[in-house]
Amino acid sequence: MNEQEKKSSVIKRQRWTIGSIVEVKVEDYYVYAQITEKKNLAFFDYQATEPLTSFEILESTPIL
């Protein structure tokens with residue numbers, strides 16, 4: 001593994017911003033959650049086989 005591949009494979013720490021949407025790949029699906037005030041994840045009742053290019057569809061999707 002070269003140096004560039006090592007850098008790409010390292011998980012970088014990111015700041016959790018309240019209200020941000022996160023994408024999680026679960027098996028063959030992508031699911032989405034929003035970061036809450038207590039820095040928990042509130043998952044949307046939505047799954048897709050391809051990543052979303054816009055989060056607009058989540059505006060009318062209920063939270064599980």
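Contact, as the word is used in these legends, means heavy atoms within 4.5 Å. The model shown is predicted, with local features described only at pLDDT of at least 70 and side-chain atom pairs counted only at pLDDT 80 or more, whereas totals for chains, interfaces and linings use all residues. Residues are numbered from 1 along each chain as its sequence is written, and side-chain values use heavy atoms, with hydrogens and water left out.

View 1. Thr61 belongs to the segment after E3, where strands (E, at least two residues) and helices (H or I, at least four) are DSSP runs numbered from the N terminus. With a relative accessible area of 13%, Thr61 is buried; buried means under 20% relative accessible area, exposed over 50%, and partly exposed in between, for a 1.4 Å probe and protein chains only. Once residues up to four places away in sequence are set aside, Thr61 touches Phe44, Asp45 and Tyr46. A polar atom of the Thr61 side chain also lies 2.8 Å from the backbone oxygen of Ile57.

**View 2. The open sheet.** Three strands are arranged in the order E1-E2-E3 with antiparallel pairing, two strands being taken as paired if DSSP finds at least two bridges between them. Strand E1 (21-26) and strand E3 (41-48) each have a single partner strand and stand at the edges, so one side of each is left without a neighbour in the sheet. On average, and with direction ignored, neighbouring strands of this sheet are turned by 30 degrees against each other; the axes behind this angle are lines fitted to C-alpha atoms, and angles between N-to-C directions run from 0 to 180 degrees. Strand E2 is mostly covered, since five of its seven residues are buried.

**View 3. Pairing of E1 with E2.** These two strands pair in the antiparallel sense over six bridges. Val22 has Ala33 in E2 as its bridge partner, and Val24 stands opposite Val31 in E2. The hairpin of E1 and E2 has two residues between the strands, and in this hairpin Glu27 takes a positive phi near 55 degrees.

**View 4. Glu23 in strand E1.** Glu23 lies in strand E1 and is partly exposed, with a relative accessible area of 41%. Its side chain is joined to that of Tyr32 by a polar contact of 2.8 Å, a polar contact being a pair of N or O atoms within 3.5 Å, of which, within protein, one must be able to donate a hydrogen and the other to accept it, while residues adjacent in sequence count only if both atoms are side-chain atoms. Leaving aside neighbours within four places in sequence, Glu23 is in contact with Tyr30, Val31, Tyr32, Pro51 and Leu52.

**View 5. Pairing of E2 with E3.** Strand E2 (residues 29-35) pairs with E3 in the antiparallel sense over five bridges. Tyr30 has Ala48 in E3 as its bridge partner, and the partner of Ile35 in E3 is Leu41. Five residues lie between E2 and E3 in their hairpin, where Lys39 in the turn has a positive phi of about 60 degrees.
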